[in-house]
Amino acid sequence: MLELTGLTKKYGALTALDGVSLRVGEGEKVALLGPNGAGKTTLLSIALGLLAPDSGAARLLGRPPREALAAGRVGVLLQDAGLPDDVRVGDLVAAVAGMYPTPSILADPELEALAGRRVAGLSGGQRQLVRFALALAGDPRLLILDEPTVGLDVDARRALWRRVRDRTVVFATHYLAEADDHADRVVLLAGGRVVADGPVEEIKALVGGTEVRLTLDTMDEPGLRALPGVHDVVVEGATAVLRTGDSDATLRALFAGFGDARNVRTSGADLESAFVSLTGKGA
Amino acid sequence: MRSFLRFEVRRALSSPVNLVFLAGFPVLLYLLWTKLLDLASGPVSMVSMATYGAMGGALFIGGAIALERSGGWLRQLAVTPLPAHGYIVAKLAGGMLAVLPSVVIVLAAGALLGGVRLPPATWLALPPLIWAGVVPFAALGVAFGYSLKGQSANIAMMVVYFVTAVLGGLWLPVSRMPEGLRTLAEYSPAYQAGSLGWRALDGLPPTATSVLVLAGWTALFVLLGVWRYRSAGWR
(Lines give C-alpha, C1' and ligand atoms only; values in the text may rest on other atoms or scores of the structure.)
Protein backbone atom coordinates (compact mmCIF):
# COMPACT_ATOMS: atom_id res chain seq x y z
CA MET A 1 0.00 0.00 0.00
CA LEU A 2 2.83 2.34 0.94
CA GLU A 3 6.48 1.80 0.20
CA LEU A 4 9.29 4.15 1.09
CA THR A 5 12.90 3.30 0.35
CA GLY A 6 15.92 5.12 1.65
CA LEU A 7 14.36 8.56 1.97
CA THR A 8 16.61 11.42 2.90
CA LYS A 9 15.70 15.06 3.07
CA LYS A 10 17.72 17.99 4.29
CA TYR A 11 16.57 21.54 4.91
CA GLY A 12 19.83 23.43 4.82
CA ALA A 13 21.94 22.12 7.68
CA LEU A 14 18.99 20.32 9.27
CA THR A 15 18.49 16.68 8.36
CA ALA A 16 14.75 16.03 8.43
CA LEU A 17 14.95 12.45 7.18
CA ASP A 18 18.04 10.29 7.25
CA GLY A 19 17.55 7.10 5.25
CA VAL A 20 14.01 6.10 6.16
CA SER A 21 12.48 2.97 4.67
CA LEU A 22 8.99 1.75 5.42
CA ARG A 23 6.52 -0.76 3.99
CA VAL A 24 2.87 -0.78 4.90
CA GLY A 25 0.69 -3.65 3.76
CA GLU A 26 -3.04 -3.95 3.17
CA GLY A 27 -5.16 -3.73 6.30
CA GLU A 28 -2.40 -2.47 8.57
CA LYS A 29 -2.91 0.39 10.96
CA VAL A 30 0.39 2.09 11.38
CA ALA A 31 1.15 4.92 13.76
CA LEU A 32 4.08 7.13 12.93
CA LEU A 33 5.09 8.14 16.39
CA GLY A 34 7.59 10.78 17.30
CA PRO A 35 8.02 14.09 19.05
CA ASN A 36 7.53 17.33 17.16
CA GLY A 37 10.30 17.79 14.63
CA ALA A 38 10.97 14.07 14.31
CA GLY A 39 10.30 14.19 10.56
CA LYS A 40 6.75 12.78 10.54
CA THR A 41 5.24 15.50 8.36
CA THR A 42 8.24 15.51 6.02
CA LEU A 43 7.91 11.77 5.62
CA LEU A 44 4.19 11.97 4.83
CA SER A 45 4.72 14.90 2.43
CA ILE A 46 7.24 12.85 0.46
CA ALA A 47 4.99 9.78 0.55
CA LEU A 48 2.27 11.94 -1.03
CA GLY A 49 4.52 13.47 -3.66
CA LEU A 50 4.06 16.95 -2.21
CA LEU A 51 7.76 17.17 -1.47
CA ALA A 52 10.67 15.70 -3.44
CA PRO A 53 13.20 13.70 -1.40
CA ASP A 54 16.91 14.39 -1.78
CA SER A 55 17.30 10.67 -2.40
CA GLY A 56 15.15 7.57 -2.15
CA ALA A 57 11.74 6.81 -3.59
CA ALA A 58 8.11 6.66 -2.51
CA ARG A 59 5.31 4.55 -3.93
CA LEU A 60 1.62 4.57 -3.05
CA LEU A 61 -0.62 1.65 -4.03
CA GLY A 62 2.22 0.43 -6.23
CA ARG A 63 2.70 3.60 -8.22
CA PRO A 64 4.31 7.02 -8.00
CA PRO A 65 2.42 9.08 -5.39
CA ARG A 66 1.00 11.71 -7.77
CA GLU A 67 -0.46 8.97 -9.99
CA ALA A 68 -1.97 7.17 -7.03
CA LEU A 69 -3.61 10.38 -5.83
CA ALA A 70 -4.93 11.11 -9.32
CA ALA A 71 -6.48 7.64 -9.40
CA GLY A 72 -8.45 8.63 -6.32
CA ARG A 73 -8.12 5.70 -3.92
CA VAL A 74 -6.05 7.50 -1.31
CA GLY A 75 -7.63 9.76 1.32
CA VAL A 76 -5.47 12.34 3.01
CA LEU A 77 -5.80 14.62 5.98
CA LEU A 78 -3.00 17.14 6.13
CA GLN A 79 -2.02 19.13 9.14
CA ASP A 80 -1.71 22.49 7.42
CA ALA A 81 -4.44 22.30 4.78
CA GLY A 82 -7.00 25.10 4.79
CA LEU A 83 -10.58 25.33 3.60
CA PRO A 84 -12.21 28.11 1.59
CA ASP A 85 -14.19 30.31 3.97
CA ASP A 86 -17.01 31.56 1.78
CA VAL A 87 -18.61 28.23 0.84
CA ARG A 88 -21.16 26.00 2.51
CA VAL A 89 -19.92 22.78 4.06
CA GLY A 90 -22.35 20.60 2.10
CA ASP A 91 -21.32 22.13 -1.24
CA LEU A 92 -17.66 21.74 -0.40
CA VAL A 93 -17.87 18.09 0.58
CA ALA A 94 -20.02 17.29 -2.46
CA ALA A 95 -17.62 19.08 -4.82
CA VAL A 96 -14.62 17.17 -3.49
CA ALA A 97 -16.47 13.83 -3.44
CA GLY A 98 -17.38 14.44 -7.08
CA MET A 99 -13.69 14.39 -8.03
CA TYR A 100 -13.34 10.74 -7.04
CA PRO A 101 -14.31 7.66 -9.05
CA THR A 102 -16.08 6.29 -5.96
CA PRO A 103 -17.64 9.30 -4.25
CA SER A 104 -18.72 8.76 -0.68
CA ILE A 105 -20.15 11.36 1.62
CA LEU A 106 -19.59 10.72 5.29
CA ALA A 107 -22.91 9.88 6.95
CA ASP A 108 -22.47 11.69 10.21
CA PRO A 109 -25.15 13.59 12.07
CA GLU A 110 -22.75 16.29 13.12
CA LEU A 111 -21.49 16.82 9.59
CA GLU A 112 -25.04 16.84 8.25
CA ALA A 113 -25.94 19.51 10.77
CA LEU A 114 -23.13 21.64 9.37
CA ALA A 115 -24.08 21.17 5.70
CA GLY A 116 -25.82 24.52 5.34
CA ARG A 117 -23.25 26.48 7.33
CA ARG A 118 -20.44 28.48 5.80
CA VAL A 119 -16.92 27.36 6.61
CA ALA A 120 -16.04 30.80 7.96
CA GLY A 121 -18.27 30.29 11.00
CA LEU A 122 -16.97 26.88 12.02
CA SER A 123 -14.97 26.08 15.15
CA GLY A 124 -11.58 24.40 14.94
CA GLY A 125 -13.04 21.01 15.75
CA GLN A 126 -15.81 21.43 13.17
CA ARG A 127 -13.25 22.35 10.53
CA GLN A 128 -11.27 19.24 11.38
CA LEU A 129 -14.43 17.18 10.95
CA VAL A 130 -14.95 18.72 7.50
CA ARG A 131 -11.34 18.02 6.58
CA PHE A 132 -11.78 14.46 7.74
CA ALA A 133 -14.92 14.16 5.60
CA LEU A 134 -12.88 15.39 2.62
CA ALA A 135 -10.24 12.72 3.32
CA LEU A 136 -12.95 10.05 3.22
CA ALA A 137 -14.75 11.55 0.21
CA GLY A 138 -13.31 9.02 -2.23
CA ASP A 139 -13.98 5.90 -0.15
CA PRO A 140 -10.19 5.42 0.04
CA ARG A 141 -8.34 2.10 0.27
CA LEU A 142 -5.54 3.88 2.05
CA LEU A 143 -5.92 6.71 4.54
CA ILE A 144 -3.02 8.96 5.41
CA LEU A 145 -3.65 11.22 8.39
CA ASP A 146 -1.25 13.78 9.81
CA GLU A 147 -2.07 14.50 13.46
CA PRO A 148 -5.77 13.83 12.78
CA THR A 149 -7.15 14.52 16.24
CA VAL A 150 -5.52 17.87 16.92
CA GLY A 151 -8.21 20.28 18.08
CA LEU A 152 -10.83 17.58 18.61
CA ASP A 153 -12.52 16.84 21.89
CA VAL A 154 -12.71 13.35 23.33
CA ASP A 155 -16.04 12.46 21.68
CA ALA A 156 -14.93 13.72 18.29
CA ARG A 157 -11.69 11.75 18.59
CA ARG A 158 -13.57 8.57 19.35
CA ALA A 159 -15.96 9.19 16.46
CA LEU A 160 -13.09 9.80 14.07
CA TRP A 161 -11.31 6.59 14.95
CA ARG A 162 -14.52 4.60 14.73
CA ARG A 163 -14.86 5.67 11.10
CA VAL A 164 -11.43 4.54 9.99
CA ARG A 165 -11.76 1.12 11.58
CA ASP A 166 -11.99 -0.96 8.39
CA ARG A 167 -9.31 0.75 6.35
CA THR A 168 -5.58 0.68 5.90
CA VAL A 169 -4.38 3.70 7.83
CA VAL A 170 -1.06 5.43 8.28
CA PHE A 171 -1.22 8.23 10.79
CA ALA A 172 1.25 10.54 12.42
CA THR A 173 0.91 11.40 16.07
CA HIS A 174 2.99 12.47 18.99
CA TYR A 175 0.71 10.81 21.53
CA LEU A 176 1.74 7.33 22.62
CA ALA A 177 -1.80 6.71 23.88
CA GLU A 178 -3.26 7.41 20.46
CA ALA A 179 -0.82 5.02 18.83
CA ASP A 180 -1.63 2.45 21.52
CA ASP A 181 -5.38 2.69 21.05
CA HIS A 182 -5.63 2.85 17.28
CA ALA A 183 -2.58 1.27 15.68
CA ASP A 184 -1.47 -2.33 15.48
CA ARG A 185 2.01 -1.32 14.47
CA VAL A 186 4.09 1.61 15.58
CA VAL A 187 6.97 3.16 13.72
CA LEU A 188 9.03 5.27 16.04
CA LEU A 189 10.68 8.22 14.37
CA ALA A 190 13.29 10.40 16.01
CA GLY A 191 15.78 12.76 14.50
CA GLY A 192 14.81 11.69 11.01
CA ARG A 193 15.43 7.98 11.58
CA VAL A 194 13.27 4.97 12.33
CA VAL A 195 14.44 4.01 15.81
CA ALA A 196 11.92 1.25 16.34
CA ASP A 197 9.26 -0.49 14.28
CA GLY A 198 7.01 -3.18 15.61
CA PRO A 199 3.77 -4.21 17.28
CA VAL A 200 2.33 -1.76 19.77
CA GLU A 201 3.25 -3.92 22.79
CA GLU A 202 6.87 -4.03 21.77
CA ILE A 203 7.07 -0.26 21.37
CA LYS A 204 5.18 0.31 24.58
CA ALA A 205 7.72 -1.81 26.38
CA LEU A 206 10.41 0.37 24.90
CA VAL A 207 8.93 3.77 25.49
CA GLY A 208 5.97 3.34 27.76
CA GLY A 209 5.42 2.16 31.27
CA THR A 210 6.77 3.51 34.48
CA GLU A 211 10.19 4.43 35.70
CA VAL A 212 11.20 3.24 39.16
CA ARG A 213 14.20 4.96 40.68
CA LEU A 214 15.83 3.55 43.78
CA THR A 215 19.03 3.35 45.78
CA LEU A 216 20.61 0.03 46.80
CA ASP A 217 23.53 -0.36 49.19
CA THR A 218 24.69 -3.49 47.42
CA MET A 219 23.88 -3.19 43.75
CA ASP A 220 22.46 -6.36 42.16
CA GLU A 221 21.70 -5.52 38.56
CA PRO A 222 20.77 -9.08 37.40
CA GLY A 223 18.43 -9.36 40.39
CA LEU A 224 16.70 -6.12 39.49
CA ARG A 225 16.44 -7.15 35.88
CA ALA A 226 14.68 -10.36 36.94
CA LEU A 227 11.90 -8.49 38.75
CA PRO A 228 8.45 -8.95 37.19
CA GLY A 229 7.54 -6.35 34.53
CA VAL A 230 11.01 -4.90 34.28
CA HIS A 231 12.41 -4.61 30.77
CA ASP A 232 15.25 -2.21 31.22
CA VAL A 233 17.68 -1.35 34.00
CA VAL A 234 20.17 1.49 34.10
CA VAL A 235 22.64 1.61 36.98
CA GLU A 236 24.57 4.66 38.05
CA GLY A 237 26.60 4.02 41.17
CA ALA A 238 24.20 3.18 43.97
CA THR A 239 21.18 4.36 41.99
CA ALA A 240 19.21 2.18 39.61
CA VAL A 241 16.47 3.18 37.20
CA LEU A 242 14.07 0.43 36.22
CA ARG A 243 11.69 0.71 33.36
CA THR A 244 8.64 -1.47 33.93
CA GLY A 245 5.41 -2.29 32.21
CA ASP A 246 3.75 -3.34 35.48
CA SER A 247 4.89 -1.11 38.30
CA ASP A 248 2.65 -2.73 40.96
CA ALA A 249 4.16 -6.18 40.47
CA THR A 250 7.66 -4.75 40.20
CA LEU A 251 7.36 -2.78 43.44
CA ARG A 252 5.81 -5.66 45.38
CA ALA A 253 8.65 -7.97 44.37
CA LEU A 254 11.19 -5.26 44.95
CA PHE A 255 10.20 -4.70 48.56
CA ALA A 256 9.88 -8.45 49.19
CA GLY A 257 13.28 -9.30 47.77
CA PHE A 258 15.40 -6.22 48.38
CA GLY A 259 15.19 -5.18 52.02
CA ASP A 260 17.79 -2.48 51.50
CA ALA A 261 15.97 -0.60 48.76
CA ARG A 262 15.72 3.08 49.68
CA ASN A 263 14.54 6.35 48.12
CA VAL A 264 12.09 4.55 45.85
CA ARG A 265 10.36 6.93 43.47
CA THR A 266 8.19 6.17 40.47
CA SER A 267 7.28 8.36 37.54
CA GLY A 268 5.48 7.83 34.24
CA ALA A 269 7.98 7.32 31.46
CA ASP A 270 7.00 9.95 28.92
CA LEU A 271 7.66 9.75 25.26
CA GLU A 272 10.29 12.45 25.23
CA SER A 273 12.46 10.76 27.86
CA ALA A 274 11.97 7.43 26.12
CA PHE A 275 13.30 8.96 22.92
CA VAL A 276 16.32 10.20 24.73
CA SER A 277 17.05 6.71 26.03
CA LEU A 278 16.40 5.12 22.62
CA THR A 279 18.42 7.46 20.51
CA GLY A 280 21.04 8.34 23.06
CA LYS A 281 20.41 12.04 22.49
CA GLY A 282 17.63 14.57 22.52
CA ALA A 283 15.26 13.94 19.63
CA MET B 1 -13.20 17.76 -12.18
CA ARG B 2 -16.66 18.65 -13.43
CA SER B 3 -18.03 18.79 -9.90
CA PHE B 4 -15.27 21.19 -8.95
CA LEU B 5 -15.99 23.34 -12.01
CA ARG B 6 -19.65 23.57 -11.03
CA PHE B 7 -18.65 24.37 -7.48
CA GLU B 8 -16.36 27.21 -8.56
CA VAL B 9 -18.89 28.67 -10.98
CA ARG B 10 -21.60 28.70 -8.32
CA ARG B 11 -19.19 30.16 -5.85
CA ALA B 12 -18.13 32.97 -8.17
CA LEU B 13 -21.69 33.83 -9.18
CA SER B 14 -23.01 33.88 -5.65
CA SER B 15 -20.33 36.13 -4.21
CA PRO B 16 -21.84 39.45 -3.14
CA VAL B 17 -18.35 40.95 -2.92
CA ASN B 18 -17.91 40.35 -6.63
CA LEU B 19 -21.10 42.14 -7.48
CA VAL B 20 -20.39 45.22 -5.39
CA PHE B 21 -16.83 45.42 -6.52
CA LEU B 22 -17.33 44.69 -10.22
CA ALA B 23 -20.64 46.43 -10.83
CA GLY B 24 -21.42 48.77 -7.94
CA PHE B 25 -18.17 50.67 -8.02
CA PRO B 26 -18.11 51.18 -11.83
CA VAL B 27 -21.75 52.33 -11.74
CA LEU B 28 -20.88 54.94 -9.11
CA LEU B 29 -17.91 56.12 -11.15
CA TYR B 30 -20.06 56.29 -14.24
CA LEU B 31 -22.58 58.50 -12.47
CA LEU B 32 -19.74 60.61 -11.10
CA TRP B 33 -18.15 61.21 -14.53
CA THR B 34 -21.33 61.85 -16.43
CA LYS B 35 -23.78 63.36 -13.95
CA LEU B 36 -21.72 65.18 -11.34
CA LEU B 37 -18.55 66.19 -13.14
CA ASP B 38 -19.86 66.15 -16.69
CA LEU B 39 -16.43 65.08 -17.94
CA ALA B 40 -17.39 62.36 -20.39
CA SER B 41 -20.11 61.48 -22.79
CA GLY B 42 -22.71 59.04 -21.48
CA PRO B 43 -22.33 56.05 -23.80
CA VAL B 44 -18.52 56.18 -23.96
CA SER B 45 -18.22 56.42 -20.19
CA MET B 46 -20.75 53.61 -19.76
CA VAL B 47 -18.64 51.32 -21.96
CA SER B 48 -15.45 52.45 -20.20
CA MET B 49 -16.86 51.68 -16.80
CA ALA B 50 -18.31 48.32 -17.85
CA THR B 51 -14.86 47.46 -19.22
CA TYR B 52 -13.25 48.74 -16.04
CA GLY B 53 -15.43 46.50 -13.88
CA ALA B 54 -14.92 43.49 -16.14
CA MET B 55 -11.19 44.07 -16.09
CA GLY B 56 -11.19 43.95 -12.30
CA GLY B 57 -13.20 40.73 -12.33
CA ALA B 58 -10.72 39.09 -14.68
CA LEU B 59 -7.65 40.36 -12.85
CA PHE B 60 -8.84 39.38 -9.38
CA ILE B 61 -9.27 35.74 -10.34
CA GLY B 62 -5.58 35.80 -9.49
CA GLY B 63 -6.32 37.43 -6.15
CA ALA B 64 -8.54 34.49 -5.24
CA ILE B 65 -5.79 32.06 -6.26
CA ALA B 66 -3.24 33.94 -4.13
CA LEU B 67 -5.54 33.81 -1.11
CA GLU B 68 -6.23 30.10 -1.53
CA ARG B 69 -2.53 29.40 -1.90
CA SER B 70 -1.73 31.15 1.35
CA GLY B 71 -4.73 29.70 3.16
CA GLY B 72 -3.67 26.11 2.49
CA TRP B 73 -6.71 25.13 0.40
CA LEU B 74 -4.41 24.35 -2.50
CA ARG B 75 -2.50 21.90 -0.32
CA GLN B 76 -5.77 20.10 0.35
CA LEU B 77 -6.64 20.04 -3.36
CA ALA B 78 -3.15 18.75 -4.13
CA VAL B 79 -4.01 15.45 -2.46
CA THR B 80 -7.27 14.98 -4.38
CA PRO B 81 -7.50 13.59 -7.92
CA LEU B 82 -8.02 17.12 -9.27
CA PRO B 83 -5.16 17.95 -11.64
CA ALA B 84 -3.44 21.29 -11.03
CA HIS B 85 -4.59 22.66 -14.38
CA GLY B 86 -8.14 21.64 -13.48
CA TYR B 87 -7.98 24.07 -10.60
CA ILE B 88 -6.90 26.95 -12.86
CA VAL B 89 -9.52 26.13 -15.48
CA ALA B 90 -12.27 26.13 -12.85
CA LYS B 91 -11.02 29.38 -11.37
CA LEU B 92 -10.93 31.03 -14.80
CA ALA B 93 -14.33 29.71 -15.79
CA GLY B 94 -15.98 30.83 -12.56
CA GLY B 95 -14.24 34.19 -12.54
CA MET B 96 -14.93 35.00 -16.18
CA LEU B 97 -18.57 33.97 -15.88
CA ALA B 98 -18.95 36.23 -12.88
CA VAL B 99 -17.74 39.12 -15.05
CA LEU B 100 -20.79 38.90 -17.34
CA PRO B 101 -23.51 39.95 -14.88
CA SER B 102 -21.42 42.89 -13.75
CA VAL B 103 -21.09 44.09 -17.35
CA VAL B 104 -24.82 43.80 -17.84
CA ILE B 105 -25.51 45.75 -14.65
CA VAL B 106 -23.27 48.65 -15.65
CA LEU B 107 -24.86 48.77 -19.12
CA ALA B 108 -28.31 48.65 -17.53
CA ALA B 109 -27.34 51.57 -15.30
CA GLY B 110 -26.33 53.47 -18.45
CA ALA B 111 -29.70 52.80 -20.03
CA LEU B 112 -31.87 53.32 -16.95
CA LEU B 113 -30.00 55.96 -14.95
CA GLY B 114 -27.90 57.61 -17.66
CA GLY B 115 -30.50 57.68 -20.41
CA VAL B 116 -28.19 56.04 -22.95
CA ARG B 117 -30.11 55.00 -26.06
CA LEU B 118 -28.58 52.57 -28.54
CA PRO B 119 -29.86 50.26 -31.31
CA PRO B 120 -30.74 46.77 -29.96
CA ALA B 121 -27.94 45.15 -31.97
CA THR B 122 -25.40 47.38 -30.22
CA TRP B 123 -26.76 46.51 -26.77
CA LEU B 124 -26.40 42.84 -27.67
CA ALA B 125 -22.90 43.24 -29.08
CA LEU B 126 -21.48 45.15 -26.10
CA PRO B 127 -21.35 42.46 -23.38
CA PRO B 128 -19.49 39.84 -25.45
CA LEU B 129 -17.07 42.44 -26.82
CA ILE B 130 -16.28 43.85 -23.40
CA TRP B 131 -16.00 40.36 -21.98
CA ALA B 132 -13.59 39.23 -24.71
CA GLY B 133 -11.55 42.39 -24.29
CA VAL B 134 -10.61 41.62 -20.71
CA VAL B 135 -9.32 38.10 -21.38
CA PRO B 136 -5.65 39.23 -21.18
CA PHE B 137 -6.30 40.44 -17.64
CA ALA B 138 -7.48 37.01 -16.56
CA ALA B 139 -4.14 35.60 -17.72
CA LEU B 140 -2.28 38.42 -15.97
CA GLY B 141 -4.26 37.73 -12.81
CA VAL B 142 -3.28 34.06 -12.81
CA ALA B 143 0.39 35.08 -13.20
CA PHE B 144 0.01 37.36 -10.19
CA GLY B 145 -1.83 34.72 -8.22
CA TYR B 146 1.07 32.31 -8.62
CA SER B 147 3.74 34.93 -7.92
CA LEU B 148 2.49 36.40 -4.69
CA LYS B 149 0.55 35.01 -1.78
CA GLY B 150 -2.33 36.32 0.29
CA GLN B 151 -3.09 40.00 0.63
CA SER B 152 0.18 41.17 -0.92
CA ALA B 153 -1.07 39.82 -4.26
CA ASN B 154 -4.29 41.79 -3.91
CA ILE B 155 -2.48 45.00 -3.08
CA ALA B 156 -0.08 44.62 -6.01
CA MET B 157 -2.99 43.86 -8.33
CA MET B 158 -4.95 46.85 -7.07
CA VAL B 159 -2.07 49.07 -8.16
CA VAL B 160 -1.75 47.36 -11.56
CA TYR B 161 -5.52 47.55 -11.98
CA PHE B 162 -5.67 51.25 -11.31
CA VAL B 163 -2.59 52.19 -13.38
CA THR B 164 -3.57 50.14 -16.44
CA ALA B 165 -7.17 51.38 -16.31
CA VAL B 166 -6.13 55.03 -16.11
CA LEU B 167 -3.42 54.60 -18.74
CA GLY B 168 -5.88 52.81 -21.00
CA GLY B 169 -8.24 55.78 -20.88
CA LEU B 170 -11.01 54.01 -19.02
CA TRP B 171 -11.31 56.74 -16.40
CA LEU B 172 -10.70 59.73 -18.65
CA PRO B 173 -10.50 59.51 -22.43
CA VAL B 174 -7.06 59.05 -23.96
CA SER B 175 -7.70 62.13 -26.12
CA ARG B 176 -7.16 64.27 -23.02
CA MET B 177 -3.71 62.83 -22.44
CA PRO B 178 -0.43 64.43 -23.58
CA GLU B 179 0.85 63.21 -26.94
CA GLY B 180 3.63 60.84 -25.76
CA LEU B 181 1.47 59.16 -23.16
CA ARG B 182 -1.32 58.77 -25.66
CA THR B 183 0.80 56.62 -28.00
CA LEU B 184 1.80 54.43 -25.08
CA ALA B 185 -1.84 54.24 -23.97
CA GLU B 186 -2.99 53.04 -27.35
CA TYR B 187 -0.86 49.91 -27.08
CA SER B 188 -2.05 49.12 -23.57
CA PRO B 189 -4.44 46.20 -23.11
CA ALA B 190 -7.01 48.30 -21.24
CA TYR B 191 -7.29 50.83 -24.04
CA GLN B 192 -7.71 48.13 -26.66
CA ALA B 193 -10.23 46.31 -24.49
CA GLY B 194 -12.21 49.54 -24.18
CA SER B 195 -11.93 50.34 -27.86
CA LEU B 196 -13.84 47.18 -28.78
CA GLY B 197 -16.90 48.66 -27.06
CA TRP B 198 -16.26 52.29 -28.02
CA ARG B 199 -16.17 51.39 -31.71
CA ALA B 200 -19.29 49.28 -31.33
CA LEU B 201 -21.09 52.45 -30.17
CA ASP B 202 -20.48 53.81 -33.66
CA GLY B 203 -21.49 50.53 -35.25
CA LEU B 204 -17.88 49.67 -36.14
CA PRO B 205 -16.19 46.25 -35.77
CA PRO B 206 -12.92 45.87 -33.83
CA THR B 207 -9.82 46.96 -35.71
CA ALA B 208 -7.07 44.53 -36.62
CA THR B 209 -4.78 46.52 -34.31
CA SER B 210 -7.11 45.90 -31.36
CA VAL B 211 -7.24 42.19 -32.02
CA LEU B 212 -3.47 41.93 -32.49
CA VAL B 213 -2.60 44.01 -29.44
CA LEU B 214 -5.02 42.07 -27.23
CA ALA B 215 -3.83 38.72 -28.59
CA GLY B 216 -0.22 39.80 -28.04
CA TRP B 217 -0.83 40.79 -24.41
CA THR B 218 -2.80 37.60 -23.82
CA ALA B 219 0.03 35.46 -25.20
CA LEU B 220 2.58 37.30 -23.09
CA PHE B 221 0.52 37.02 -19.90
CA VAL B 222 -0.24 33.35 -20.53
CA LEU B 223 3.48 32.63 -20.87
CA LEU B 224 4.12 34.57 -17.71
CA GLY B 225 1.32 32.71 -15.93
CA VAL B 226 2.53 29.29 -17.09
CA TRP B 227 6.04 30.10 -15.91
CA ARG B 228 4.85 31.28 -12.51
CA TYR B 229 2.49 28.32 -12.16
CA ARG B 230 5.26 25.86 -13.05
CA SER B 231 7.48 27.22 -10.34
CA ALA B 232 4.72 27.33 -7.73
CA GLY B 233 2.79 24.16 -8.56
CA TRP B 234 0.45 23.32 -5.73
CA ARG B 235 2.15 25.64 -3.28
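**View 1. The hairpin of β11(A) and β12(A).** Strands β11(A) and β12(A) form a hairpin in which two residues lie between them, and Gly237(A) in the turn has a positive phi of about 65 degrees. The model is predicted: local features need pLDDT of at least 70, side-chain atom pairs count only at pLDDT 80 or more, and totals for chains, interfaces and linings use all residues. Residues are numbered from 1 along each chain as its sequence is written, while chains are lettered from A and ligands numbered from 1 in the order in which they are written. Helices (H or I, at least four residues) and strands (E, at least two) are DSSP runs numbered from the N terminus. β11 (residues 230-236) and β12 (residues 239-244) of chain A pair in the antiparallel sense over six bridges; two strands count as paired if DSSP finds at least two bridges between them. Within this pair, Asp232(A) stands opposite Arg243(A) of β12(A).

**View 2. Chain A as a whole.** Chain A has eleven helices and 13 strands. Its C-alpha atoms fill a box of roughly 70 × 45 × 30 Å along the principal axes. Domain 1 (2-199) and domain 2 (208-279) divide chain A, with bounds that come from an automatic or database domain assignment. The C-alpha centres of domain 1 and domain 2 of chain A lie 37 Å apart. Of the 283 residues in chain A, 42% are buried; a residue is buried if 20 or more other C-beta atoms, placed from the backbone, lie within 10 Å of its own, exposed if 12 or fewer, and partly exposed in between. Two residues are in contact if their C-beta atoms, placed from the backbone, lie within 7 Å. Among contacts in chain A between residues at least 6 apart in sequence, 67% join residues at least 24 apart.

**View 3. The six-stranded sheet of chain A.** An open sheet with mixed pairing runs in the order β5-β6-β7-β3-β8-β9 (chain A). β5 (74-77) and β9 (193-199) of chain A stand at its edges with a single partner strand each, so one side of each has no neighbour in the sheet. On average, neighbouring strands of this sheet are turned by 15 degrees against each other, direction ignored. β3 (residues 29-33) and β8 (residues 185-190) of chain A run parallel and are joined by four bridges, with Ala31(A) opposite Val186(A) in β8(A). α1(A) packs on the sheet, where it touches β3, β6 (142-146), β7 (168-173) and β8 of chain A, and its direction makes about 145 degrees with that of β6(A). Axes are lines fitted to C-alpha atoms, for helices over the stretch in contact, and angles run from 0 to 180 degrees between N-to-C directions. α5(A) lies across β5 and β6 of chain A and runs at about 165 degrees to β5(A).

**View 4. The three-stranded sheet of chain A.** Antiparallel pairing gives an open sheet in the order β2-β1-β4 (chain A). The edges are β2 (14-24) and β4 (55-60) of chain A, each with a single partner strand, so one side of each is left without a neighbour in the sheet. From one strand to the next the twist averages 20 degrees. Five bridges pair β1 (residues 2-11) of chain A with β4(A) in the antiparallel sense, and Leu2(A) stands opposite Leu60(A) in β4(A). Helix α1 (residues 40-47) of chain A packs on this sheet and touches β1, β2 and β4 of chain A, its direction making about 120 degrees with that of β1(A).

**View 5. The nonpolar cores.** A nonpolar core is a set of buried Ala, Val, Leu, Ile, Met, Phe, Trp, Tyr and Cys residues joined through C-beta atoms within 7 Å. The largest has 78 residues, and Leu32(A), Ala47(A) and Ile144(A) have the most contacts inside it. Leaving aside neighbours within four places in sequence, Ile144(A) is in contact with Leu44(A), Ala47(A), Leu48(A), Val74(A), Val76(A) and Val170(A). Another core, of 60 residues, lies apart from it and includes Trp33(B), Ile61(B), Phe137(B) and Leu214(B).

**View 6. Helix α3(A) and the contact with chain B.** Seven of the nine residues of α3 (residues 89-97) of chain A are buried, so the helix is largely enclosed by the rest of the structure. The buried residues are Val89(A), Asp91(A), Leu92(A), Val93(A), Ala95(A), Val96(A) and Ala97(A). They pack against α4 (109-114) and α5 (124-135) of chain A and α1 (2-13) of chain B. The contact takes 23 residues from chain A and 19 residues from chain B. On the chain A side, α2 (65-71) and α3 are the elements that give two or more residues, and α3(A) contributes the largest share, four residues. That side divides into 17 nonpolar, three polar and three charged residues, where Ala, Val, Leu, Ile, Met, Phe, Trp, Tyr, Cys and Pro count as nonpolar, Asp, Glu, Lys and Arg as charged, and the others, Gly among them, as polar.
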